[in-house]
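Please open the structure in your viewer and keep the selection tool at hand. The tour below goes from stop to stop, saying at each one what to select and what is there.

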Amino acid sequence: MLFNFSPKGGLVVRLYNSDHKAAPEVKIDKLQYEKFDRSTNVHAIFEIAGDAVLFVSRLQNKSRSLYRIIIDGKTGNLKEDKMIGSREEFGRANNEGSSAGDVSNGFYIKKDPYSDNYVVVYLRTYESDRNKVIEECHYGSDNKIISQAFVNSPDDAYKHLEFQDAVVLGKEKVCLLVFGINTKANGGKRTELFLSTFDAGATQQALVRFDVTKDFKSITGHLKYNAATKKLISILTLTEDGKGGSTVPYLAFIDPVQKKLDRFDQAYPLAAASKSIDMYGEKKGVMGLPQNIYIHPNGGFSVMFEQTSQQGIIYSSGGTVSYDVRGNFAFSNYDSAGTLLGSYLLPKLHSMDAHTMMTFGFEQSDKYKQSFYVNSGQNSYIVFNDFFENEQLVQNNSTPKVVDNQAPIDGFSFAISGKDVILKRNYIFGQPNADLHTQGLFEISDYNMDNNIFVTVKCQKQDKKKGIQLVWLQPA
């Protein structure tokens, strides 16, 4: 299915069959969120029981409402348009109280990749009661609530709770990763990471406390479930307290049934880090921080690292442009036992205009600088847009050219395997002509492992004209 959101609050749905042939468009004139404007967010789209389920929120009268929209998977017709929750907003940072990278405007939605169950997490960061800040709603494949409960501060010891991530284990349970923080003003400075678990129908949490994480300045993390090993895996970034405290990545292995922490290991892409220092020196060769963890069908997994730094420009007109400079990727591959098999380096340099904040709060993002990770069961790939000539620059140990908004770039795939630490590139859409460049809008992509089909949006630019196509590819 392909969805096109109308500014006037409607939705256009187009279905494609297994031969990639499009059916006639289905137009839905009006939805409950009324219109699609700058305060509207699409939080998640996934398949449940053969239908498409969309989660959209919009700010109205200082309250952000979350709507669940169900589209019939066979006809494209609207089956449900329902407000399922809301939270108050008071003009402060939308993501306050959370370090999760994909939390948006106080809602976090995640589906179990192994079933049709999902969770909606509400972050009510202005709630005065510390035990009503984070609320989980666990839904089954019938879109009905299995459990609904609040995360409680362990022993009421932490004034502030920062949500990190969550996983859904079928209809049986939901696990939430949370960082507890207390300050001197609230009875003593202390911190701790913990896992809050809710079994089906439960209103009280079961805790897994990470004693080894106590008293760190900050902790951020991602949480995934490994169906092959039946264990939870979390990639964490721990920053030590005190001025100039070091930041170290760790892997945590958790038994969700026994509710205990099995292992807690440092996670560093050693071969990639060593190669980066050899190429660029100790200052420029410093590795980035973990960004995500990807579970493979055989129980092995990969951790992705990326260098990031923020820079800013202030114009005389009053506008401020802050942008992220995203540097090298690194990948660490592990087997199902959590043993490091090797790591890889992918030098790159992207200028991400992620936050162009003008005087009246206008925000702009560049969608052609996003990446997408694919695991076909046999091989793993990372895809993104770049200059072809960066391949030669990297071979010469030179810094890659910066990809900015005006760059004549193309889409590339990189197989995360082989004996060489440096990953090699291939054109994902075929080698272009000299005056024709083809990018991928990889932010709008999906992968079907059962049929080994990767679908994305291809954009060709020639003579200042753009052509957009939906394309289906088959990874090796």
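In which sense do β13 and β14 pair, and over how many bridges? The pairing of β13 with β14 is antiparallel and runs over 10 bridges, where two strands count as paired if DSSP finds at least two bridges between them, and where strands (E, at least two residues) are DSSP runs numbered from the N terminus. This is a predicted model, in which local features need pLDDT of at least 70 and side-chain atom pairs count only at pLDDT 80 or more, while totals for chains, interfaces and linings use all residues. Residues are numbered from 1 along each chain as its sequence is written, and side-chain values use heavy atoms, with hydrogens and water left out.

Then turn to β12, which runs antiparallel to β13 and is joined to it by nine bridges; here Glu162 stands opposite Phe179 of β13. The hairpin of β12 and β13 has three residues between the strands, and Gly170 in this hairpin takes a positive phi near 60°.

Next, colour β13 by accessibility, with buried meaning under 20% relative accessible area, exposed over 50% and partly exposed in between (1.4 Å probe, protein chains only). Because 10 of the 10 residues of β13 are buried, the strand is largely enclosed by the rest of the structure. Lys173, Cys175, Leu177, Phe179 and Ile181 point one way from β13, whereas Val174, Leu176, Val178, Gly180 and Asn182 point the other way.

Now select Leu195, Phe210, Leu232, Leu236 and Ile254, which touch the most other members of the largest nonpolar core, a group of 22 residues. A nonpolar core is a set of buried Ala, Val, Leu, Ile, Met, Phe, Trp, Tyr and Cys residues joined through side-chain atoms within 4.5 Å. Among the strands that each supply at least two residues of this core are β12 (160-169), β13 (173-182), β14 (190-199) and β18 (247-255). Leaving aside neighbours within four places in sequence, Leu195 is in contact (heavy atoms within 4.5 Å) with residues including Cys175, Leu177, Phe210, Leu232 and Ile254. A second, separate core has 19 residues, including Tyr108, Val151, Ala157 and Val178.

From there, select the open sheet of four strands, whose order is β16-β17-β18-β19 with antiparallel pairing. Its edge strands are β16 and β19 (260-266), each of which pairs on one side only. The twist averages 20° from one strand to the next. Six bridges join β18 to β19, and Tyr250 stands opposite Gln266 in β19.

Move on to Tyr381, which lies in strand β26 (residues 380-386) and counts as buried at 14% relative accessibility. Although Tyr381 and Phe414 are 33 residues apart in sequence, they are 5.3 Å apart in space, C-alpha to C-alpha. Not counting residues up to four places away in sequence, Tyr381 touches several residues, among them Phe372, Phe414, Ile416 and Pro475. The side chain of Tyr381 also reaches the backbone oxygen of Ala476 at 3.1 Å.

For the last stop, select Asp51 in strand β5 (residues 51-60). Is Asp51 buried or exposed? At 12% relative accessibility, Asp51 counts as buried. Apart from residues up to four places away in sequence, Asp51 touches Phe46, Ile70, Ile71, Asp72, Gly73 and Lys79.

Terms used: A polar contact is a pair of N or O atoms within 3.5 Å; within protein, one must be able to donate a hydrogen and the other to accept it, and residues adjacent in sequence count only if both atoms are side-chain atoms. Axes are lines fitted to C-alpha atoms, for helices over the stretch in contact, and angles run from 0 to 180 degrees between N-to-C directions.
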